[in-house]
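Hello,

Here is the structure I said I would pass on. My notes follow below it.

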Amino acid sequence: MKDVFVGNTEYFKSVEKVVYEGPTSDNPLAFKFYDPDKIVAGKTMKEHLRFSIAYWHSFCADGKDPFGNATIDFPWTDPDPMQSARNKAEAAFEFFTKIQAPFYAFHDIDASPEGDSADQYVKNYHEIADLLKSLQDATGVKLLWNTSNLFSNPRYMNGAASNPEFSVLTRAALQVKTSLDVNVKLGGLGYTFWGGREGYMSLWNTDTKRELDHLGMFFAMARDYGRKIGFKGNFYIEPKPMEPSKHQYDYDAATAIAFIKEYGLEKDFSCNIENNHATLAGHSFAHDLQVCVNNNMLGSVDANQGDPQNGWDTDEFPTNVYDTVEAMMIILKNGGLHNGGLNFDAKRRRNSTDLEDLFIAHIGGMDTFALGLEIAQAMIDDGKIDHFRRQRYSSFDSGDGARFEAGKLDLKTLAALSSTFKDEKISGKQEMLMNLVNQYMFRSR
Ligand code: XUL
Ligand code: CO
C-alpha cells in the first residue's frame with residue numbers, strides 16, 4: 001500500500017498526509033486524538049473505528065441548498081461527465097490516503113454519470129468501477145458499501161421499489177442489480193438501502209400494505225441475486241423517519257427491524273444507523289444503536305450529527321463527544337463494528353469553501369470518535385457504570401426473579417408472590433451516573 005496516492009493530477013496540493021500530533025498541536029491539519037496505530041483494549045484505533053468517507057458529500061455536494069446555488073468548486077470538474085468522474089475518483093483516493101481512511105462508500109451516480117439511457121448507465125458504471133478497482137488495488141482502501149440512488153431522478157418521485165407503477169420498479173431493479181455487480185467486482189463489504197422515497201405523502205392515494213409487500217419482495221430479490229453472484233457482505237437498511245418523504249417506511253431502527261423480520265430477511269439484513277436520522281425520529285443516536293444491538297442487527301454506522309435547534313437532517317460532522325462516548329460504549333459492548341464502519345455521511349457547511357475544509361471537517365469527526373472510543377473503554381475498564389446497572393436488576397439473578405426470567409412462573413403464581421413486594425423507593429441514581437460520565441470525560445488522561 002502506497003503511503004499517499006497521487007494520480008495524474010494532485011488535487012489537494014496544499015495538504016500532506018494527515019498525521020497524529022497530539023492534543024496540544026495547533027496544526028488544524030493534524031489529528032489531536034486519533035492516533036491510528038494506538039492500541040486500545042487490544043486493537044488499534046484504526047481497527048476499532050473503521051472510518052469511511054462518503055463520496056456524495058465529500059466529492060459531489062457543492063453547497064447547493066433550496067435557497068441558494070453552489071458555493072463549492074471542485075478542481076476536478078471537466079466538461080465531459082465521464083472525464084469528471086475519472087478525475088473525481090483519483091481525487092477521492094488522494095483524499096482517502098491523505099486522511100488515512102481505510103474505507104469509502106458511494107451511490108452509483110455519485111461515482112459514475114447516469115447517462116441518457118439504461119445501457120449508457122450500465123456501461124459508464126462498469127467503466128468507472130474498473131478504475132475504482134485499480135485505485136483500490138493501488139492504495140489498499142476498501143469499499144465499505146455502495147448503494148443505488150433511487151430518489152433523485154424524477155422517475156422516483158412516487159417511490160422506487162414501493163412505486164405504484166410497476167415499470168418504475170424494473171428501472172430501480174436495474175440500478176440495484178448493477179450496483180451489486182459492481183460491488184462484487186470491488187469486493188465490497190456491504191450494500192445499503194436507504195429508502196428516501198420509499199414512503200408516502202398521503203393515504204388518499206396510497207395503499208401502504210401493498211407498497212410494503214412490494215418493498216419486502218424487492219429486497220428479497222436483491223438478496224437472492226447478490227448471493228447468487230457471490231456477494232458475501234451484509235445488506236443494510238438505513239432507517240430515517242422522513243425527509244424527503246412525509247412518512248418514510250423505515251422510520252427508525254425498531255421499525256426497520258420489524259420489517260426485516262416480517263419479510264424473512266433477518267439472516268442477510270441488518271441496520272445502518274445514522275445519528276441525525278435517529279434524532280429526526282425523536283430518539284438519540286445511542287437509542288437506535290442499542291435497539292440494533294438488542295436484536296443483533298447493528299450493521300454499520302453513518303457517523304454525523306444534527307443541529308439541536310432544528311429538526312432537519314443537517315448532516316454535520318460529529319463534534320459532540322457525549323454522543324460518541326455513548327455510541328462507542330454500545331459499539332464496544334457489541335464486540336465492535338465487525339463488517340461495518342463509521343461512515344462520515346456528513347458535509348461541511350456551504351460557507352466552508354476552502355478545499356482544506358474537507359480535511360479539517362473529517363479530522364474533527366475522527367478525533368471526536370477517537371475520544372469517544374478511549375473514554376468509553378476507560379468506563380468499561382473501570383466497571384462502575386456496568387456494576388451499577390447489573391446491580392439494578394439483581395433481584396432477577398436468583399430465587400423467584402430468576403424463575404420468572406427462565407419462564408417458569410405463570411401470572412397466577414406471580415400475583416401470589418405479591419406478598420413479597422417491598423414497598424420502598426429504589427433510586428435510579430441518574431444524576432450520579434451522569435456526573436460520573438463527566439468525570440471520565442474531563443479528568444486528565
Ligand atoms: C440520506 C442519507 C443517505 C444514505 C445513503 O439522509 O443518509 O445519504 O446514507 O443513501
Ligand atoms: Co446516511
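Helix α12 is largely enclosed by the rest of the structure, because 20 of its 27 residues are buried (under 20% relative accessible area with a 1.4 Å probe, protein chains only; exposed is over 50%, partly exposed in between). Helices are DSSP runs of H or I of at least four residues, strands are E runs of at least two, and both are numbered from the N terminus. The model is predicted, so local features need pLDDT of at least 70 and side-chain atom pairs pLDDT 80 or more, while totals for chains, interfaces and linings use all residues. Residues are numbered from 1 along each chain as written, chains are lettered from A and ligands numbered from 1 in the order written, and side-chain values use heavy atoms, without hydrogens or water.

Just after α12, Gly383 has a positive phi of about 80 degrees.

On ligand 1: the residues around it (a heavy atom within 4 Å) include Trp56, His107, Glu274 and Asp345. Polar contacts (N or O pairs within 3.5 Å) reach ligand oxygen atoms from the side chains of His107 at 2.7 Å, Glu274 at 2.8 Å and Asp345 at 2.7 Å. The protein covers 94% of the 300 Å² of accessible area that ligand 1 has on its own (Shrake-Rupley, 1.4 Å probe).

There are 35 aromatic pairs in the whole structure (Phe, Tyr or six-membered Trp ring centres within 6.5 Å; planes under 30 degrees apart are stacked, over 60 edge-to-face, the rest tilted). Phe235 and Phe269 are stacked, at 5.0 Å and 10 degrees; Phe235 is in strand β8 and Phe269 in strand β10, 34 residues apart. Both are buried.

Regards

Key. Polar contact = N/O pair within 3.5 Å; in protein donor to acceptor, adjacent residues only side chain to side chain.
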